[in-house]
Amino acid sequence: MNRGTLLAVVATAFLASNLMACVSGRTPHKFHPYGKEVTCFEPPKDVVEKGGGVDASIAIKEIGEVLKASGSAKVDTQRIREISTGVNDFEVLEFRFCTQYGNEVLTPQEYQKFQTEVLPILHSSKNK
């Protein structure tokens with residue numbers, strides 16, 4: 001995938017998440033990683049209150065390791081489901097990964113992989 005396509009995919013994902021977050025009243029945080037502006041939205045307070053503390057921190061660390069280890073290969077769906085089992089809501093993970101990208105802990109490619117491969121797994125796991 002060329003750089004232009006990569007940026008278009010990431011921008012589209014951000015626009016979609018921004019629209020959803022604005023509707024839900026989530027607090028925005030602006031970052032400027034790699035010369036681009038990124039807005040990360042805090043999860044709703046009720047989501048944070050019902051859980052996501054230790055389980056989310058462990059899941060974020062382990063999912064980050066999976067992203068870095070997978071390189072250009074597809075992310076292991078079953079492994080992501082196992083890691084995220086104790087997390088009550090994907091919005092906590094989404095915010096934390098966005099802030100990691102915003103602070104340049106994740107590369108654009110790793111964050112794109114999170115957006116295009118991991119988030120859909122988390123969404124589908126929640127809807128089951």
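**Disulfide.** I looked up C40 and C98 and found that they form a disulfide, with sulfur atoms 2.0 Å apart. The rule I used takes a pair of cysteine sulfur atoms within 2.5 Å as a disulfide. By this rule I count one disulfide. C40 lies in strand 2 (residues 38-41) and C98 in helix 5 (residues 90-102), so the pair ties together parts 58 residues apart in sequence. Helices (H or I, at least four residues) and strands (E, at least two) are DSSP runs, numbered from the N terminus. I read -80° about the S-S bond, a left-handed link. Both cysteines, C40 and C98, are buried. Buried means under 20% relative accessible area, exposed over 50%, partly exposed in between (1.4 Å probe, protein chains only).

**Conventions.** I note that this is a predicted model: local features need pLDDT of at least 70, side-chain atom pairs count only at pLDDT 80 or more, and totals for chains, interfaces and linings use all residues. Residues are numbered from 1 along each chain as its sequence is written, and side-chain values use heavy atoms, with hydrogens and water left out.

**R26.** I placed R26 in the loop between helix 1 (3-24) and strand 1 (28-31). R26 is buried, at 12% relative accessible area. Its side chain reaches the backbone oxygen of F41 at 2.9 Å. The R26 side chain also reaches the backbone oxygen of E42, at 2.8 Å.

**S57.** I found S57 in helix 3 (residues 54-70). S57 is partly exposed, with a relative accessible area of 33%. I get 8.5 Å between the C-alpha atoms of S57 and L93, which are 36 residues apart along the chain.

Notes. Polar contact = N/O pair within 3.5 Å; in protein donor to acceptor, adjacent residues only side chain to side chain.
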